[in-house]
Amino acid sequence: MAYEIVMPQLSDSMTEGKLISWKVKPGDKVKVGDTIAEVESDKAIMEVQTFHDGIVRELKVKEGESAPVGSVIAVIEETSDNEQQRNEQPSNRATEQPVKTAPSNEELGTRNEERNNRVTEQPSNEQPMKAAPSNEELGMRNEESKPSVSSEQSKDAKASKSNDQRPTTNDRSSQRSKSIVDELFSNETPVSEKTPHSSLLTPHSREAIASPRARALAARYGLDLEKLQKKGELPTPAHAEDIERYRQRKYFTPKAWKLVEEYQLDPALFDSGKKHNEEEIKAYIEAHEIPRPKPLSSNQKAVIATVEQAAKTPVYHIYDHIDASLILQHESDELTVTVWLLKLLSETMMRHEVLRSTLGPQGIQIWPNASISLAIAKGEELYMPVLKDLNKMSPKEITDALKAMKEKVKERRLSPQDMRGSTFGLSNLGMTGIERFDAMINGTDSGIAAIGSTIDGKIAVTFTLDHRLVNGLQGAQAMETLKTLAKDEMIFKG
């Protein structure tokens, strides 16, 4: 029994996931709970486990590729005792959904012979039979079909005249045999009609995992599928387009082929009578002003979705400064400016419940603790993990929580839970020297504080607030509280 493993939905907003790495390969044995892959979605990388014992039969998505949520990424062939029990109890198998697989070349040959046999057994003026009869049935039919001398001969004589204009059963058999191969090469160069099905398998290719069309193409080009898959030069499973791309690659140097793939150029644009080098491909790209495609990462797609949603939120801004004297006085390698800002903002949130509010199905929801989504950059990617219940933490505990979250971002090990639960956000670009900027609200948060650089002992702060949750007066009062707390010695003694 084969079971399909699908792309999981790791968050409410997830529509597709990126296959980061496979932890198994076709032919590997797996047990319930084994990790078979790592998948990235939105801003998190999660492990995908199998819930069945068995053997990995097929990996349908390549590393680095994306697949829609719910689409099949792998197939596991069950080998547990449960399968044997189901085989002994046919009624239990009624609810199972086995995976249909493409027929092998041996099966194709067998089906072709069965079709030929069925055509030979039935008279040319009868309708085709729906199922192949058993040997006993054939014997009984042969006895029954022996013609009588009186009436059947005259009927046969009349039928023979009309049948002269019809294809013979041998012609039909030949046409059906040919159609099996033609199906393999729809819209492709036909294989010789005399090619037997057994020739669709190159030496050792019976162990390879490939579609029937891929096998046929490999046989035509003389490629050893199994060997090429073991060397990593063809994917597992291999499809017809993989075979064609492999064949085309021989007309380019390795560096030239890398450019062809990077710029998504059609190899047919270049003469197949010679081998092309990197300089020729570069010259073609420059002459035709071809842009280099840069696919969106899962993180970039998530950021775009968040920004587009934020653009629909009715917001307003409040601009002000807070005194930086105590922050700078208590700043250290451990207790950074960001740590103190998180502490000040969480205290402000506890004094103004509107900053702990979100819109729910039944109206406004007021959450009990101060959980803040913090903008953290890693290279070109931006993450907004959530530091939860900061109002319950000391500055030292906030430092530890921040370090742990940064480590998760660095290793790209954020979980969906790390991205949920905030009601307000913080984005600090002060270290870059920028004086002031506006930030966009993250998800369902009520607002976000954008922190600029320190000038003349003051830090520029901009509130972006959701007008549905926080009115102008409430926003101004929250800003005043933040300014007051920044000058409170008791906050910095915690």
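Me: Why is Phe-270 called buried?
Reply: Buried means under 20% relative accessible area, exposed over 50% and partly exposed in between, with a 1.4 Å probe and protein chains only. Phe-270 has a relative accessibility of 11%, so Phe-270 counts as buried. Phe-270 is found in the loop between helix H9 (254-262) and helix H10 (278-287). Helices here are DSSP runs of H or I with at least four residues, strands are runs of E with at least two, and both are numbered from the N terminus.

Me: Where do these values come from?
Reply: This is a predicted model, in which local features need pLDDT of at least 70 and side-chain atom pairs count only at pLDDT 80 or more, while totals for chains, interfaces and linings use all residues. Residues are numbered from 1 along each chain as its sequence is written, and side-chain values use heavy atoms, with hydrogens and water left out.

Me: What is Phe-270 in contact with?
Reply: Contact means heavy atoms within 4.5 Å. Leaving aside neighbours within four places in sequence, Phe-270 is in contact with Phe-252, Leu-265, His-276, Ile-281 and Tyr-284. The C-alpha atoms of Phe-270 and Tyr-284 are separated by 9.6 Å, and the two residues are 14 apart along the chain.

Me: Why is Lys-230 called exposed?
Reply: The relative accessible area of Lys-230 is 67%, so Lys-230 is exposed. Lys-230 is found in helix H7 (residues 225-230).

Me: Which residues of helix H6 are buried?
Reply: In helix H6 (residues 212-221), they are Pro-212, Ala-214, Arg-215, Ala-216, Leu-217 and Ala-218. Just after H6 comes Gly-222, with a positive phi of about 70°. Over the chain of 494 residues, 39% count as buried.

Me: How confident is the predictor?
Reply: The pLDDT is the predictor's confidence in each residue, from 0 to 100. The chain has a mean pLDDT of 80, with 73% of its residues at 70 or more. Over residues 88-102, however, the pLDDT is below 50. Residues 115-205 also stay under 50, and for them the model has 76 contacts beyond four places in sequence.

Me: What makes a group of residues a nonpolar core?
Reply: A nonpolar core is a set of buried Ala, Val, Leu, Ile, Met, Phe, Trp, Tyr and Cys residues joined through side-chain atoms within 4.5 Å. The largest one has 45 residues, of which Ile-327, Leu-426 and Phe-463 touch the most other members. Helix H13 gives the largest share of this core, 8 residues. Apart from it lies another core of 19 residues, including Ile-5 and Trp-22.

Me: What makes a space a cavity?
Reply: On a 1 Å grid over the protein atoms alone, a cavity is a set of points where a 1.4 Å probe fits but cannot get out, and lining residues have an atom within 4 Å of a point. The structure holds 1 cavity of 30 Å³ or more, and the volume of the largest cavity is about 40 Å³. Grid points are joined across faces, edges and corners, and a volume is the space filled by probe spheres set on the points.

Me: How is the lining of the largest cavity divided by class?
Reply: Ala, Val, Leu, Ile, Met, Phe, Trp, Tyr, Cys and Pro count as nonpolar, Asp, Glu, Lys and Arg as charged, and the others, Gly among them, as polar. The lining has 8 nonpolar, no polar and no charged residues; among them are Ile-322, Leu-341 and Leu-426.

Key
On a 1 Å grid over the protein atoms alone, a cavity is a set of points where a 1.4 Å probe fits but cannot get out, and a pocket is an open set with protein on both sides within 12 Å along at least five of seven lines; lining residues have an atom within 4 Å of a point.
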